[in-house]
Amino acid sequence: MFECIWKPVLLLRHAKATSSCLCRQTPLLCLPFSQQNELNSFLWTIKRDPPSYFFGTIHVPYTRVWDFIPENSKKAFQQSHIVYFELDLTDPYTISALTSCQLLPQGKNLQDVLPHDIYRRLKRHLEYVKLMMPSWMTPDQRGKGLYADYLFNAIAGNWERKRPVWVMLMVNSLTEVDIKSRGVPVLDLFLAQEAERLRKQTGAVEKVEEQCHPLNGLNFSQVVFALNQTLLQQESLRAGSFQIPYTTEDLIKHYNCGDLTSIIFNHDTSQVPNFINATLPAHERITAQEIDSYFRQELIYKRNERMGRRVKDLLEEHPDKSFFFAFGAGM
């Protein structure tokens, strides 16, 4: 038994706060499984008739968290008439638009825009990843017909045509832990597939451009700084001289324990690695802080305000419907 404290949390002014268990340690389970099912976790009730719900998701394979999501959350999902997500990940147009948004202008390649040294280091790192990926794959992945060459091409096959900021995010996700989790739908996509299977009405509160354009909004020197820092981290990891301060495993543990206060969630939500550290020279620390502030403003504060307005409009337009809003838990 792990010692926990109970603390109410509130998402929006009109939402009823439920309790979540905040662990003082980071065990795999916050409570024994029988009691874990009784927790409220990341579910908020919007008090109306019929009620609607907010549910905080996490961008990891659903199999890592689904058994620890309490029954009241699953019941709210089952009973809701309409399920809304940030984006509609089952819509082919959404996927196509996300892909297009990541590409450089026609006729441009990454080699044309990046400093030569960074391009060379990037290419070397991706060659290393491609070489290592067969040893990173799990027997279960291979049993499902998922092989390293296919997976590498699916993630990084078109990397020379991508904008540097998206290459930075790609590099940050090409780690052994993340590769081992590929092939299983993340929680958001699983819920979207379940909603489709149950013939529920679904929708999205954001447009692709609203998620994509802020990432493309960094200026070139900031993007080069971010990509360089990401490569430095990965190179240090390969050399064994650096350890990531938080991992996907940490994220999963905090989520299964219902810990909303963890700084880990801020990084999961902002989609970008944290570059601020005490070892940076003063001018680079300023750049790192500017990047962090920009993404916090664009990907958290402005998004919350925009999404909140659209949620309010939906609830007012459909007073007789029960909604289930599944958004990132760190929002």
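## Helix 8, a buried segment

Buried means under 20% relative accessible area, exposed means over 50%, and partly exposed covers what lies in between (1.4 Å probe, protein chains only). Because 9 of its 10 residues are buried, helix 8 is largely enclosed by the rest of the structure.

A word on the model itself: it is predicted, so local features need pLDDT of at least 70 and side-chain atom pairs count only at pLDDT 80 or more, while totals for chains, interfaces and linings use all residues. Residues are numbered from 1 along each chain as its sequence is written, and side-chain values use heavy atoms, leaving out hydrogens and water.

## The chain as a whole

The chain's secondary structure comes to 15 helices and 8 strands. Helices (H or I, at least four residues) and strands (E, at least two) are DSSP runs, numbered from the N terminus. Of the 331 residues in the chain, 48% are buried.

Contact here means heavy atoms within 4.5 Å. Among the chain's contacts with a separation of 6 or more, 77% are between residues 24 or more positions apart.

Setting aside residues up to four places away in sequence, Trp166 touches Cys101, Gln102, Cys212, Leu215 and Asn216. Cys101 is 65 residues away from Trp166 along the chain, yet their C-alpha atoms are separated by 9.5 Å.

How do helix 8 and helix 11 pack, and at what angle? The angle is about 100°, with the axes 8 Å apart; axes are lines fitted to C-alpha atoms, for helices over the stretch in contact, and angles run from 0 to 180 degrees between N-to-C directions. The two helices are therefore roughly perpendicular to each other. On the scale used, angles under 35 degrees count as roughly parallel, over 145 as roughly antiparallel, 65 to 115 as roughly perpendicular and the rest as oblique. Val165, Trp166 and Leu169 of helix 8 make the contact with Cys212, Leu215 and Asn216 of helix 11. These residues divide into 5 nonpolar, 1 polar and no charged. Ala, Val, Leu, Ile, Met, Phe, Trp, Tyr, Cys and Pro count as nonpolar, Asp, Glu, Lys and Arg as charged, and the others, Gly among them, as polar.

## Helix 3 against helix 11

Helix 11 (residues 208-216) also packs with helix 3 (residues 92-101), at an angle of about 15° and with axes 10 Å apart. That makes helix 3 roughly parallel to helix 11. The crossing is right-handed; a crossing is called right-handed if the near helix is turned clockwise from the far one by less than a right angle, and left-handed if anticlockwise.

On the helix 3 side, Tyr93, Thr94, Ala97, Leu98 and Cys101 meet Val208, Glu209, Cys212, His213 and Asn216 in helix 11. The residues of this contact divide into 6 nonpolar, 3 polar and 1 charged.

## Arg121, a buried arginine

Arg121 lies in helix 5 (residues 116-136) and counts as buried, at 10% relative accessibility. What does the side chain of Arg121 make a polar contact with? Its partner is the side chain of Asn228, at 2.7 Å. A polar contact is a pair of N or O atoms within 3.5 Å; within protein, one must be able to donate a hydrogen and the other to accept it, and residues adjacent in sequence count only if both atoms are side-chain atoms. Leaving aside neighbours within four places in sequence, Arg121 is in contact with Asn228, Leu231, Leu232 and Glu235.

## Backbone details to check

Most residues other than glycine have a negative phi, and most peptide bonds are trans. Arg199 has a positive phi of about 60° although it is not a glycine. Arg199 is in the loop between helix 10 (187-197) and strand 7 (201-204), and is exposed, with a relative accessible area of 78%.

The peptide bond from Asp49 to Pro50 is cis, with omega near 0°. Pro50 is found in the loop between strand 4 (43-46) and strand 5 (52-57).
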